[in-house]
Amino acid sequence: MPVSAMISTQAASAQGRFISFEGTEGVGKTTAIEQLCTRLQAAGIDYLRTREPGGSPFAERLRAILLDPATDINDDTELLLLFAARCDHVQYVIMPALARGTWVICDRFVDSTMAYQGYGRAYGEPLMRAKIAQLSEQFVPLLPELTLWLDLPVHEGMARAGKRSTADRFEQQATEFFTRVYKGFEALAAAYPERICRIDASGTSDEVGARVWQAVEDRFSIT
Ligand code: TMP
């Protein structure tokens, strides 16, 4: 069944909340997500932790290709693979989870595509961003209700990410690329203030975790 056919049947009865995490490299998403999941569990909330690109068996195969430094593809091919992965992930994982009342905590979603492919790959290229907007409209039937943008200066994030042993195809990009990606997130946060919440990602992981939880509590009034 195409994703579009599922909107009316599934989204209408959805009770789960859809939260995404965004940010440039090394901002601490993984730890922040772990902390949120621990708190959701303590609050008795059923959740599913997932990620993009990936999150379904097929999308994980595409992830491996997308992140492999040996993959040599052009920007449009990259974009289409990201959307193919997202399409599968949304249809087979995200929408069914939301429909059964499970919260979905997703490490990256459409904002990453706009920031990385729309700004990072093609800063000042309105055409790329128009393609992304069109693909989103055609193939992505839902947006997160809350997007937590972990905001950390690019050089700080890169210093943290640089400590990892191997760099994937995206991590191998130059600092200028991530500076453009950062500008993309900034622009998105300004354009969608009702959905995207900026989280100061400086300080200890406990401090960041507390800020994330505050934002989630504020939005969903968890008791
Ligand atoms: P991760 O390292 O946060 O798991 O994300 C994998 C990489 O994929 C990261 O460098 C960002 C990149 N990416 C894009 O370029 N576009 C996208 O749409 C998504 C979801 C990720």
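## The shell around the ligand

In this predicted model, the shell around the ligand has four nonpolar, three polar and six charged residues, where Ala, Val, Leu, Ile, Met, Phe, Trp, Tyr, Cys and Pro count as nonpolar, Asp, Glu, Lys and Arg as charged, and the others, Gly among them, as polar. Of the 13 residues around the ligand, Lys29, Arg63, Arg108, Thr113 and Gln117 come nearest, a residue being near if one of its heavy atoms lies within 4 Å of the molecule. H5 gives the most to this shell, with four residues; helices here are DSSP runs (H or I, at least four residues) and strands likewise (E, at least two), numbered from the N terminus.

Residues are numbered from 1 along each chain as its sequence is written. The model being predicted, local features need pLDDT of at least 70 and side-chain atom pairs count only at pLDDT 80 or more, while totals for chains, interfaces and linings use all residues, and side-chain values use heavy atoms, with hydrogens and water left out.

## The largest pocket

The ligand takes the space of the largest pocket, in the sense that more than half of its atoms lie within 2 Å of the pocket's grid points. A pocket is an open set of points, on a 1 Å grid over the protein atoms alone, where a 1.4 Å probe fits and protein lies on both sides within 12 Å along at least five of seven lines; lining residues have an atom within 4 Å of a point. About 600 Å³ of space lies in this pocket, a volume being the space filled by probe spheres set on the points. Of its 26 lining residues, Glu25, Lys29, Arg63, Asp107 and Arg108 are the closest to the centre, and by class the lining has seven nonpolar, seven polar and twelve charged residues.

## The second largest pocket

The second largest pocket holds about 280 Å³ of space, and of the 16 residues that line it, Met114, Ser136, Leu188, Tyr192 and Arg195 are the closest to its centre. Its lining divides into twelve nonpolar, one polar and three charged residues.
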